[in-house]
Amino acid sequence: MLLDQFTDYLALEKKYSGHTVRAYCKDLLEFKDFCESEFVIGNIDTIAYTIIRSWIVTLSDTGISNRTINRKIASLKAYYKFLQKIESIETNPLSKHRALKTPKKLETPFSEMEMEHVLNVISYSDDFEGTRDMLVIHILYATGIRRAELVNLKLKDVDLEEKTIKVLGKRNKERIIPLMRETITLIKDYLLVRNAMLSPENSEFLLLTDKGNKIYETLVYRIINKYFRKVSAKVKKSPHILRHTFATHLLNKGADLNSVKELLGHSSLASTQVYTHNSIAELKKIHASSHPRGKNK
């Protein structure tokens, strides 16, 4: 299957994250197992689209969502494109495949009042954990960075003089994000507590556990849930909702879509436009309440 070469291609040439590379390989091996068990086919390099179609039907019958099926097929598509690139195959069996239809996924951001309560009303402990948790929430909301980007922030990425942070995003794309005065104050407070508790040379990473290790993505998720469940009845409370909230609140206040795109690290404007739905909904409210004829509508 040339799996080692394929993973090198994804990691080095396509610059996919380790998580994405592992997911692609898992999907490939899952498809290979299907071909062996259902069709006694051991080599998936030269395969007919009808076999792939059978796998799609089988996945659908198990109750897997179209979104997940599309992700698995994307793994196959990348694999066959790789085989074409190295001239191992001539024809890509997925060249004419159309992705399954998926419902538009619209997540509800936190309101400005909910953010106000989390940041300024509920109490945080004065110890290392409380100071760190406050900073985690504030950075996510103030910068809109992804959970993985937050986890991998290094001390050298934070420039308090220039009031910026350098973020390494998807496909190793760097971007610079400005910091607000309040964020800088919280970072300084956190570093004082951190350096008093841990050796300054303990880690190159900004955010640590109380054991001095780099924080991990599950911990970030738990931090968000711990504090937001005190103020929000929303079912989904996650770091991504804070990213969604960041973008929505900026757009509600009149921020330019292209500027928000750059801050979020999106490669295309289409990715950013999903956040405009809530902005438009907010504008409709303002229009209806402010326009002289609004009450008659």
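Student: At what angle do H1 and H2 pack, and how far apart are their axes?

Tutor: First, the ground rules. This is a predicted model, where local features need pLDDT of at least 70, side-chain atom pairs count only at pLDDT 80 or more, and totals for chains, interfaces and linings use all residues. Residues are numbered from 1 along each chain as its sequence is written, and side-chain values use heavy atoms, with hydrogens and water left out. Now the pair: H1 and H2 pack at about 145°, with axes 10 Å apart. Axes are lines fitted to C-alpha atoms, for helices over the stretch in contact, and angles run from 0 to 180 degrees between N-to-C directions. Helices are DSSP runs (H or I, at least four residues), as are strands (E, at least two), numbered from the N terminus.

Student: Which residues make that contact?

Tutor: From H1, Leu-3, Phe-6, Thr-7, Leu-10 and Ala-11; from H2, Val-21, Tyr-24, Cys-25, Leu-28 and Leu-29. Contact means heavy atoms within 4.5 Å. By class, that is 9 nonpolar, 1 polar and no charged. Ala, Val, Leu, Ile, Met, Phe, Trp, Tyr, Cys and Pro count as nonpolar, Asp, Glu, Lys and Arg as charged, and the others, Gly among them, as polar.

Student: What do the buried residues of H2 pack against?

Tutor: Helix H1 (3-13), helix H3 (49-61) and helix H4 (66-85). The buried set includes Asp-27 and Lys-32, along with Phe-31 and Phe-34. Buried means under 20% relative accessible area, exposed over 50%, partly exposed in between (1.4 Å probe, protein chains only).

Student: And what comes just after H2?

Tutor: Val-40, with a positive phi of about 55°.

Student: Switching to H5 and H6. Which residues meet there?

Tutor: Met-115, Val-118 and Leu-119 in H5 meet Met-134, Ile-137, His-138 and Tyr-141 in H6. That contact has 6 nonpolar, 1 polar and no charged residues. H5 covers 112-121 and H6 covers 128-143; they pack at about 145°, axes 10 Å apart.

Student: New topic. Where does Lys-154 sit?

Tutor: In the loop between helix H7 (147-151) and strand E1 (158-159).

Student: Is Lys-154 buried, exposed or partly exposed?

Tutor: Partly exposed, at 24% relative accessible area.

Student: What does Lys-154 touch?

Tutor: Glu-204, Phe-205 and Leu-206, not counting residues up to four places away in sequence. Also, Lys-154 and Ile-165 are 11 residues apart in sequence and 9.4 Å apart in space, C-alpha to C-alpha.
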